[in-house]
Amino acid sequence: MPEIPAEPYPFAFSLADTALVIIDMQRDFVEPGGFGETLGNDVEQLRGVIPPLATVLQTAREAGLFVIHTREGHLPDLSDCPPAKLQRGNPSLRIGDPGPNGRILIRGEKGHDIIDELTPVPGEPVIDKPGKGAFYATDFGAILAAHGISKLVVTGVTTEVCVHTTVREANDRGFECLVLSDCVGSYFADFQRVGLDMIRAQGGIFGWVAPSTAFLSALQNLTPSPVL
Ligand code: TIU
């Protein structure tokens, strides 16, 4: 079985049992005027994730790896948004309020959709989730099971919120998770560093961590070179 050099030790995977998971690469988190900015964050902190993640996505598609995307957001009537989440903090705009890209974090609005650089293609499921974790109140687990997936290569934003929550949910459900360090992003440099440390500590208590270059090399080795 191919292995990816990773911490705390190599991550074994195959094309058949592994999915690339892209978490919440939505305008609402990485572009100005969205949910992330209303919480007081500088969205520029996340934009460095886009180029390496676009390369990973393209290479995964070429290799035939199963790709699945998630989006955090709520129904227009907010019936799936707990009052605690709606009221939390002191945002400049609340979930459902009108913003420059439509209503904040509402399904169907421009701000809720995935950024142009990472637009899903047919065959790549998009999981709409009301919470931070991809498993909560979604078909994510059922879709992975239907495809025979037991290993997740996890990317997206933010490292300490939706990426961590999803990795912890996946870990408790028996999945093995490799987090690509340059393809996950945080609004806070310290959280990025410590968030990755938390995953790989204690012999990989929640999973593995590797740079995208290690994953790309492993994928390219699986793909036969064209005969000239
Ligand atoms: N605020 C923050 O860091 N993240 C979120 O609210 N959602 C996700 O991480 N997707």
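Which residues surround the ligand? In this predicted model, the ligand is surrounded by Asp24, Phe29, Phe35, Leu39, Glu72, Lys132, Val157, Thr158, Val161, Cys162 and Tyr187. The space that the ligand takes is the largest pocket, with a volume of about 500 Å³.

**The pocket**

- The lining of the largest pocket is made up of 27 residues, and those that lie nearest its centre are Phe35, Leu39, Glu72, Lys132 and Val161.
- Sorted by class, this lining holds 15 nonpolar, five polar and seven charged residues.
- Three helices each supply at least two residues of the lining: H2 (35-38), H5 (83-87) and H7 (159-172).
- Helix H7 gives the largest share, with three residues.

**The shell around the ligand**

- By class, the shell around the ligand divides into seven nonpolar residues, one polar and three charged.
- Phe35, Leu39, Glu72, Lys132 and Val161, the residues nearest the pocket centre, are also among those surrounding the ligand.

- On the side-chain side, an N or O atom of lysine 132 is 2.9 Å from an oxygen atom of the ligand.
- Threonine 158 takes part through its backbone, where a polar atom is 2.9 Å from a ligand oxygen.
- Valine 157 also uses its backbone: one of its N or O atoms lies 3.1 Å from a nitrogen atom of the ligand.
- How much of the ligand's exposed area does the protein bury? Taken alone, the ligand exposes 280 Å², and the protein buries 92% of that.

**Backbone features at the ligand site**

- The peptide bond from valine 157 to threonine 158 is cis, with omega near -10°, and each of these two residues has a backbone atom in the contacts above.
- Threonine 158 sits in the loop between strand E8 (151-157) and helix H7, the helix with the largest share of the pocket lining.
- Aspartate 24, another residue around the ligand, has a positive phi of about 55° although it is not a glycine.
- You will find aspartate 24 in the loop between strand E3 (18-23) and helix H1 (27-30).

**A further cis peptide bond**

- The bond from glutamate 7 to proline 8 is cis as well, with omega near 10°.
- Proline 8 belongs to the loop between strand E1 (3-4) and strand E2 (11-12).

How values were computed
Residues are numbered from 1 along each chain as its sequence is written. This is a predicted model: local features need pLDDT of at least 70, side-chain atom pairs count only at pLDDT 80 or more; totals for chains, interfaces and linings use all residues. Side-chain values use heavy atoms; hydrogens and water are left out. On a 1 Å grid over the protein atoms alone, a cavity is a set of points where a 1.4 Å probe fits but cannot get out, and a pocket is an open set with protein on both sides within 12 Å along at least five of seven lines; lining residues have an atom within 4 Å of a point. Grid points are joined across faces, edges and corners, and a volume is the space filled by probe spheres set on the points. Helices (H or I, at least four residues) and strands (E, at least two) are DSSP runs, numbered from the N terminus. Ala, Val, Leu, Ile, Met, Phe, Trp, Tyr, Cys and Pro count as nonpolar, Asp, Glu, Lys and Arg as charged, and the others, Gly among them, as polar. A residue is near a molecule or strand if one of its heavy atoms lies within 4 Å of it. A polar contact is a pair of N or O atoms within 3.5 Å; within protein, one must be able to donate a hydrogen and the other to accept it, and residues adjacent in sequence count only if both atoms are side-chain atoms. Accessible areas come from the Shrake-Rupley method with a 1.4 Å probe; for residues, only the protein chains shown count as cover. A molecule sits in a cavity or pocket if more than half of its atoms lie within 2 Å of its grid points.
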